[in-house]
Amino acid sequence: MQGTVDGFSYGAVTPVVAYLMACLGGALGLRCTTRSLLVTHSRRPAWLALGSAAIGSGIWTMHFVAMMGFTIEETPIHYDKSLTYASLGLAIVMVGIGIFIVGYRGATGAPLFTGGTITGLGVASMHYLGMAGVRFHGQFTYNTYTVAASVVIAVVAATAALWAAGQVRGFAWSVGASLVMGLAVSGMHYTGMAALGVHLDSAPHPADGGSAASSLAPMLIGPLAFLLIAGVVVVFDPLMVVGGSDWSPVEHKPGVPAAAVASHAVHGPAVHQEHGPVRRAAHHRPRTPQNR
């Protein structure tokens, strides 16, 4: 028996809020990735780990906010908590692998392709594992070609977002990258949902009891709280808060463009040359006759 599916039972509210959550997680995570390129090696893993957790939490929250609007008319829906939280862990781990590759190898060429692919696959894997945690009187089926399209969308958009984050060109680039990341997650999610078919058991089971929103809301509290904390950390740089001074000189900072280093090298000696000859003349002229 074919089930009647409604993915927008709350209208445009859940898609819009879900997209904003994906953008928030992407903005925080990609900003952490950008900052990791501008600090010393000892600080880099912390920023990348925070970025991975922020993006993973953002895409997981986006998925289940969107799922609040998902209903099957003929049967109630419940969620397996172990698989639901496992999908969160999978998202953080796979996104983390992709971000660490880009953070240490750079956002160009093979590292960018590898990191973007793993990150995109993390988005897709989180989605389908989360769907595996949906419990109802029936089973899901998927259209293979539409599923493949959803994975391609996730990989391409995630790669573009990591490339933008790796440019180290200011806050505007991070915002733009987060919008692309939000598009990757939302586009992948709704494309994946379009691939979905619902086959019910022979006997109908009217949807009674609590709604999907009421069962999902408590599980969203933790990731939402984490995103809030991550936002505070990004806004108030820990090094600035504690007065840390282990920022390395610009010429030793990984991720700083070579042009900036060259410019620093050119301007640095110029200051000394302006005053240097006078000092050398004052000190060395009296010594010359003595040495002779």
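**Chatting through a predicted model**

Reply: Let's start with Met67, which counts as buried at 0% relative accessibility (buried means under 20% relative accessible area, exposed over 50%, partly exposed in between, with a 1.4 Å probe and protein chains only).

Me: OK, and where does Met67 sit?

Reply: Met67 is in helix α2. Helices here are DSSP runs of H or I with at least four residues, strands are runs of E with at least two, and both are numbered from the N terminus. This is a predicted model, where local features need pLDDT of at least 70, side-chain atom pairs count only at pLDDT 80 or more, and totals for chains, interfaces and linings use all residues. Residues are numbered from 1 along each chain as its sequence is written, and side-chain values use heavy atoms, leaving out hydrogens and water.

Me: New topic. How many salt bridges are there?

Reply: The structure holds 1, where a salt bridge is a side-chain nitrogen of Lys or Arg within 4 Å of a carboxyl oxygen of Asp or Glu. Asp80 pairs with Arg135, and their closest N and O atoms are 3.7 Å apart.

Me: Which parts does that pair tie together?

Reply: Asp80 is in the loop between β3 (78-79) and α3 (81-105), while Arg135 is in strand β4 (residues 134-135), so the bridge ties together parts 55 residues apart in sequence.

Me: And is Asp80 buried, exposed or partly exposed?

Reply: Asp80 is partly exposed, at 22% relative accessibility. Arg135 is partly exposed too, at 37%.

Me: What about Ser174, buried or exposed?

Reply: Ser174 is buried, at 3% relative accessibility. You'll find Ser174 in helix α6 (residues 171-194). The C-alpha atoms of Ser174 and Ala27 are 6.2 Å apart, although the two are 147 residues apart along the chain.

Me: And Tyr145, buried or exposed?

Reply: Tyr145 is exposed, at 73% relative accessibility, and lies in helix α5 (residues 144-165).

Me: Last one. Which residues form the nonpolar patch on the surface?

Reply: Leu228, Val232, Val235 and Phe236, with about 430 Å² of accessible area together. Areas come from the Shrake-Rupley method with a 1.4 Å probe, and for residues only the protein chains shown count as cover. Patch residues have over 30% relative accessible area and no salt bridge, with like charges joined within 9 Å and nonpolar side chains (Val, Leu, Ile, Met, Phe, Trp, Tyr) within 5 Å. Val232 lies in helix α7 (residues 212-235).
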